[in-house]
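This report goes through some of the contacts that can be read from a structure. Please look at the sequence and the model first.

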Amino acid sequence: MEATIPKTIGHFVNGRSIPGSGGRYGNVYNPATGEVAGRVAFAGKDEVEQAVSAAAAAFPAWAATPPLRRARVLFRFKELLDRHGEEISALITAEHGKVLSDAAGSLTRGAEVVEFVCGIPHLLKGSYSENVGTGVDSYSFRQPLGVCVGITPFNFPAMVPMWMFPVAIACGNTFILKPSEKDPSCPMRLAELFAEAGLPPGVLNVVNGEKEAVDLLTSHPQVAAVSFVGSSVVGEQVYRKATSHGKRVQALGSAKNHAVVMPDADLGQAVDALMGAAYGSAGERCMAISVVVAVGDKVADALVERIVDRIGTLKVLPGQDPKAEMGPLVTGEHLERVKRYVDLGVSEGAKLVADGRGLTIPGHENGFFLGACLFDRVTPGMRIYREEIFGPVLSLVRVPDFEGALQLVNDHEYANGTAVFTRDGDTAREFARRVEVGMIGINVPIPVPVAFYSFGGWKRSMFGDYFVHGAEGVNFYTQMKTITSRWPTGIRTGADFVMPIMK
Ligand code: NAD
């Protein structure tokens with residue numbers, strides 16, 4: 001299905017689409033052709049104020065709505081996501097460029113978070129202790145925070161927003177999403193569908209824009225919490241600014257994910273895994289494998305030979321083409337940035353054994369395409385090793401043994417995900433235990449936790465204390481209250497001037 005992209009994309013506030021009023025717009029591209037496909041309004045003070053007022057006004061009634069009734073709206077939203085799956089996937093592909101099957105997969109992973117929070121009545125169950133003192137009972141429960149904000153990156157316009165808003169809203173908060181300005185149509189459609197499912201106006205709002213909108217939202221006195229997913233440079237700024245304004249903040253950042261291939265690994269399986277993990281979605285995934293760590297030269301030589309062979313048959317085509325395995329990059333600007341990294345790797349002395357520069361797709365000569373690239377003999381001092389490239393560029397680093405591999409992974413400033421390929425249980429267990437990274441795969445290249453577990457990285461891949469979705473997501477969007485009660489009130493205990501102890 002071809003997506004129809006609206007010519008001008010505004011905002012979604014108080015249950016309806018509104019045009020931009022600030023007079024500033026950004027281009028939205030068709031990455032497969034390089035053409036401008038539409039424009040998106042950039043919100044200023046007026047639009048942000050409208051959204052915050054709508055969300056603040058909707059909060060008391062939504063917070064007071066019993067969780068079971070909130071869950072019923074979520075069930076209907078999930079049904080609508082299923083019914084409109086093809087249409088939403090087409091929107092993702094049209095603006096992001098990733099292949100349709102990948103877009104559909106990412107939508108499924110987002111929808112799984114909705115399924116998870118359909119169980120919100122259970123997830124919000126508190127605890128109760130009878131008779132903590134004579135005639136005294138104690139209980140705890142969690143309550144929503146208020147107006148929450150989500151700022152999301154371009155690479156998952158459905159899944160990453162759905163890491164946030166379904167959880168926040170299920171918990172009784174209201175929400176303002178500021179999606180990426182590069183592919184805004186999908187998040188707008190998600191908000192329309194949630195409204196169609198029966199979500200009251202103002203509970204979910206979408207404000208499009210860039211830095212100005214983010215600055216206004218993260219410093220707004222009526223905003224209680226901010227979730228951010230994007231690059232670490234911006235994530236750290238957002239974290240510092242929003243926390244300095246007293247917000248609760250979780251900010252997930254950049255990555256450089258290593259896959260360690262041990263000499264005993266099933267190389268066929270490892271190469272299959274590496275092809276998908278390095279080049280799927282043109283490497284524009286925060287859980288993409290961008291470094292393969294080969295333990296021993298024998299493994300390294302075999303991997304290089306097999307990966308180069310596989311790159312030769314990789315189908316790089318517009319994402320809409322059912323044969324496509326890899327689509328274009330998101331924008332011309334990003335394509336140029338990734339190409340500059342490939343040039344840099346060559347000048348730094350890494351060996352470019354597969355060069356995707358210069359690839360053209362007949363009929364799509366202006367599309368933002370780059371073929372798969374593989375560097376051998378990359379060393380830790382090189383910028384192509386240290387920095388996140390976020391494109392179809394895989395670096396191979398050679399190490400002599402397991403300890404060298406572990407040290408390499410642990411020395412990197414980013415620590416989002418990692419994987420080890422081995423047939424040995426001891427090695428796998430040792431790796432999982434000692435590696436300083438948030439999400440680990442054992443013979444699994446992209447270990448994205450399922451919705452009922454929590455997702456997040458360590459070190460400079462994450463700022464804040466709570467991961468997203470799963471139990472940590474519910475905790476992030478709620479605060480605990482603990483009540484100590486004595487009944488009946490008629491009992492006289494007399495005035496007590498010492499620290500109360502339960503008798
Ligand atoms: P980005 O940091 O450029 O943008 C993220 C969001 O911040 C967007 O909504 C953008 O409009 C906004 N933004 C950009 N510059 C800003 C500024 N100066 N001040 C305030 N807001 C600003 O990231 P991107 O290019 O959209 O996405 C790619 C990045 O996201 C990669 O680094 C990738 O690793 C990361 N990412 C991380 C995860 C994760 O879970 N850790 C998931 C997906 C993507």
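What follows covers nonpolar cores, a pair of helices and salt bridges.

The model shown is predicted.

**Nonpolar cores**

The largest nonpolar core has 72 residues. Within this core, Val260, Val261, Tyr279, Leu303, Ile307 and Ile384 touch the most other members. The element that gives the most to the core is helix α10 (residues 267-279), with 9 residues. Another core, of 69 residues, lies apart from the largest one. Ile9, Ala58, Met164 and Leu204 are among the residues of that other core.

**Helices α8 and α9**

Helix α8 spans residues 211-218 and helix α9 spans residues 232-244. Their axes come within 9 Å and cross at roughly 30°. Angles under 35 degrees count as roughly parallel, and α8 and α9 are therefore roughly parallel to each other. On the α8 side the contact is made by Val214, Asp215 and Thr218, which meet Val238, Lys241 and Ala242 in α9. Sorted by class, this contact has 3 nonpolar, 1 polar and 2 charged residues.

**Salt bridges**

The whole structure holds 26 salt bridges. Three of them are listed here.

| Lysine | Partner | Distance, N to O |
|---|---|---|
| Lysine 78 | Glutamate 115 | 3.5 Å |
| Lysine 178 | Glutamate 181 | 3.7 Å |
| Lysine 211 | Aspartate 215 | 2.7 Å |

Lysine 78 lies in helix α2 (residues 67-83) and glutamate 115 in helix α4 (residues 100-117), so this pair ties together parts that are 37 residues apart in sequence. Lysine 78 counts as buried, at 13% relative accessibility, whereas glutamate 115 is partly exposed, with a relative accessible area of 42%.

Glutamate 181 counts as partly exposed at 24% relative accessibility.

Where do aspartate 215 and lysine 211 lie? Both are in helix α8, 4 residues apart, which is about one turn of the helix. Aspartate 215 counts as partly exposed at 22% relative accessibility, while lysine 211 is exposed, with a relative accessible area of 55%. Asp215 is also one of the α8 residues that meet α9.

Elsewhere, salt bridges that share partners join Glu236, Arg240, Glu413 and Arg460 into one network.

How values were computed: Residues numbered from 1 in each chain as written. Predicted model: local features only at pLDDT ≥ 70, side-chain atom pairs only at ≥ 80, totals over all residues. Heavy atoms only, no water. Axes fitted to C-alpha atoms, helices over the stretch in contact; angles between N-to-C directions. Helix = DSSP H or I, 4+ residues; strand = E, 2+ residues; numbered from the N terminus. Parallel < 35°, antiparallel > 145°, perpendicular 65-115°, else oblique. Contact = heavy atoms within 4.5 Å. Nonpolar A, V, L, I, M, F, W, Y, C, P; charged D, E, K, R; others polar. Core = buried A, V, L, I, M, F, W, Y, C linked by side-chain atoms within 4.5 Å. Buried < 20%, exposed > 50% of the residue type's maximum accessible area, 1.4 Å probe, protein only. Salt bridge = Lys/Arg side-chain N within 4 Å of Asp/Glu carboxyl O.
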